[in-house]
Amino acid sequence: MNNAIKRSTCCENGINPKAVYDFIERSERENLGINSFMLIKNQCVVAEGCHPPYDKNTTHILYSISKSITATALGFAIDEGKISLEDSISKFFPEYDKLGLNKKVTVRHLVTMTAGKMIGMAKSRHLKDWVKIFFDAPFFAKPGKTFMYVNDNFYMLSAIISKVYGKTLIDFLNPRLFEPLGIKKPVWETGIHGYAAGGWGLYLTTEDLAKIMLCYSNGGIYYGKRVIPADWIKQATAYQVPTVKNGQPDVTKGYGYGFWRTSIPNAYRAYGLFGQMGYVFEDKDTVLVINAAVSKDELLSRAVSDLAKNLWTEPEKEYESKLKELLSSLPDKDYLPQTERNAELEKRFNQKALYTRSSAFASMLNVTVSTVFNEFVGRTDRFIFNLKNDNELYLVWKEGSFVNEIKLGMDGAYEKSDISFGDITFTACTKASWTTKTVLRVLVRLEETCQVRQLDFDFTDEKHIVVRNSSFPDLPTLAVHYVDFSGFPLPYGLEKLLKKYIAPAILLLGEPDYKIK
């Protein structure tokens with residue numbers, strides 16, 4: 001069942017196309033990192049666009065928008081009378097709380113981020129019991145007293161729902177949410193017990209997410225069919241608890257059950273790292289969904305806020321065609337000029353293993369993905385170039401127990417290759433070019449994630465080959481984002497100091513260059 005959202009135009013639905021046009025141009029001008037977006041009015045898509053290599057079928061990692069979907073699952077369980085907001089977490093996992101230290105933590109505390117537990121995402125989770133990690137974690141505050149953004153709260157919600165129903169969160173939601181909306185059964189990262197991560201790790205297309213947000217916008221009804229309990233939507237999207245006093249404007253306006261109130265009047269949003277956003281403008285019958293990859297997503301939030309000031313003004317009809325043309329010609333995400341290939345070096349190093357000295361963190365996967373895998377990744381120990389008979393160049397690499405091969409797009413166009421880590425397959429969109437006679441630049445964009453790797457293979461000194469590694473997002477970006485998002489924004493001077501002096505040291509440890517033995 002497809003259940004696609006209907007299509008229409010801005011002008012036919014009271015949307016000013018110039019406001020959308022200006023928003024997209026601003027995104028390009030200020031590098032706001034949008035990969036794809038969809039704008040819906042009157043239950044019709046009135047504007048949408050994707051930057052290659054993304055398209056309408058691309059699944060995106062939602063990061064913390066996963067929390068909104070976990071909260072939706074909780075709404076079903078409460079509506080069915082299986083779980084109560086006042087239930088203690090110890091009721092579901094008594095074996096982890098024999099001393100009763102966690103009895104005062106309730107389901108309500110989990111879904112409002114007020115459990116009082118402090119657990120950092122940097123904590124290693126490989127092959128560990130995440131439920132035990134939560135129960136054993138110290139209390140930073142009394143349950144119910146203080147909002148603290150801790151991802152594990154929503155992992156515990158996922159675990160509780162799975163424990164009660166005897167199903168994974170995906171299997172629980174499939175007949176209740178995904179199938180009624182025509183969403184193909186998605187992937188959700190899991191821990192060792194098979195419980196979905198809950199607070200992160202769900203992958204959906206832009207339109208999949210738009211369907212869910214549209215259903216929320218319409219009180220739980222999707223094109224005439226009741227899908228989500230109406231009472232739950234009212235509670236989940238309403239102001240339930242205060243959040244933080246400082247930080248990004250849209251994280252200071254209060255929190256519901258997995259949803260944020262925003263600085264835009266009469267609006268709430270689902271939100272994920274690096275600009276994954278789903279806005280509902282409550283009194284405008286309008287939904288905006290964005291998948292992005294931006295280091296300072298506060299800038300993207302401000303752009304959305306400015307968009308909202310002009311979106312419903314009198315339509316300037318002459319911009320309808322201009323907007324359509326703009327959206328049909330969005331540029332590639334990665335610019336890499338075509339240059340003459342160094343056939344001599346390509347043949348000389350064909351099928352020769354370049355063994356590396358690298359850290360346990362050296363992976364084609366970014367830390368935002370690899371830290372939550374049950375399988376160990378990282379410690380890349382070799383690269384191999386493979387020049388095939390059709391003169392196409394491939395790159396093979398080994399990290400941990402995984403070996404993957406990608407086709408390098410040497411003609412300036414993206415080449416897509418499937419790469420696998422454990423149970424999850426990613427689409428590597430790759431471009432490559434010789435930037436000098438001795439330096440080959442390889443760009444690897446994992447389509448489902450926000451990350452892109454840039455590897456510069458420097459053959460200038462063939463006795464001391466270096467593979468320079470840079471990427472988005474890098475670890476300092478993550479550090480600044482985490483501090484900002486937690487409500488403790490860094491002063492400009494300290495942030496500059498971090499990026500200029502501390503960042504290189506962090507990168508040496510976390511995401512180093514590869515030195516060939």
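## A nonpolar surface patch

A nonpolar patch is built from residues with over 30% relative accessible area and no salt bridge, with nonpolar side chains joined within 5 Å. The structure described here is a predicted model. In this model L127, I192 and F376 form such a patch, with an area of about 310 Å².

Is L127 buried or exposed? L127 counts as exposed because its relative accessibility is 55%, and the cut-off for exposed is over 50%.

## Aromatic pairs

The aromatic rings of the model make 30 pairs. One of them joins Y203 and F426, whose ring centres are 6.4 Å apart. The planes of these two rings stand at 65 degrees, so the pair is classed as edge-to-face.

Y279 and F281 show another arrangement. The centres of their rings are 5.9 Å apart and the planes are at 5 degrees, so this pair is stacked. Y279 is buried at 0% relative accessibility, and F281 is buried as well, with a relative accessible area of 2%. Ring pairs also build a cluster, which links F93, Y96, W130, F134, F135, Y155, Y195 and W200.

## Charges over rings

Some rings have a lysine over the face. K352 lies over the face of F349, at 5.9 Å from the ring centre. K431 is placed over the face of Y414, and here the distance to the ring centre is 4.4 Å.

## The two sides of helix 11

Helix 11 covers residues 318-328, and its buried residues are Y319, E320, L323, L326 and L327. Why do they lie on the same side of helix 11? They cover an arc of only 130 degrees around the axis, and this puts them on one side of the helix. The general rule behind such a pattern is that an α-helix has 3.6 residues a turn, so residues three or four places apart point the same way.

The face turned away from the buried side of helix 11 carries exposed residues, namely S321, K324, E325 and S328.

## Salt bridges

How many salt bridges does a search of the whole structure find? The search gives 27. One of these joins R26 and E30, with their closest N and O atoms 3.4 Å apart. R26 is buried because its relative accessible area is 18%, which is under the 20% cut-off. E30 is partly exposed, at 36% relative accessibility. R26 and E30 also belong to a network of salt bridges that includes D306 and K309.

A salt bridge also forms between the side chains of E346 and R341, at 2.7 Å from N to O. In this pair E346 is buried, with 5% relative accessibility, whereas R341 is partly exposed, with a relative accessible area of 26%.

K398 and D381 meet in a salt bridge with an N to O distance of 3.4 Å. The pair links distant parts of the chain, with K398 in strand 15 (residues 393-399) and D381 in strand 14 (residues 380-387), 17 residues apart. K398 is partly exposed, having a relative accessible area of 22%, and D381 counts as partly exposed at 22% relative accessibility.

## Backbone details in loops

The peptide bond that leads from P52 to P53 is cis, with omega near 15 degrees. P53 is in the loop between strand 3 (44-50) and strand 4 (59-61).

Which phi does N42 have? The phi of N42 is positive, about 55 degrees, although N42 is not a glycine. N42 is located in the loop between strand 2 (34-41) and strand 3, and at 32% relative accessibility it counts as partly exposed. N391 is not a glycine either, and has a positive phi of about 65 degrees. The loop between strand 14 and strand 15 holds N391, which is partly exposed at 43% relative accessibility.

Note on methods: Residues are numbered from 1 along each chain as its sequence is written. This is a predicted model: local features need pLDDT of at least 70, side-chain atom pairs count only at pLDDT 80 or more; totals for chains, interfaces and linings use all residues. Side-chain values use heavy atoms; hydrogens and water are left out. Patches are made of residues with over 30% relative accessible area and no salt bridge: like charges are joined within 9 Å, nonpolar side chains (Val, Leu, Ile, Met, Phe, Trp, Tyr) within 5 Å. Accessible areas come from the Shrake-Rupley method with a 1.4 Å probe; for residues, only the protein chains shown count as cover. A salt bridge is a side-chain nitrogen of Lys or Arg within 4 Å of a carboxyl oxygen of Asp or Glu. Buried means under 20% relative accessible area, exposed over 50%, partly exposed in between (1.4 Å probe, protein chains only). Rings of Phe, Tyr and Trp (its six-membered ring) pair if their centres lie within 6.5 Å; planes under 30 degrees apart count as stacked, over 60 as edge-to-face and the rest as tilted. A charge sits over a ring if NZ of Lys or CZ of Arg is within 6 Å of the ring centre and within 35 degrees of the ring normal. Helices (H or I, at least four residues) and strands (E, at least two) are DSSP runs, numbered from the N terminus. The arc is that of the directions from the helix axis to the C-beta atoms.
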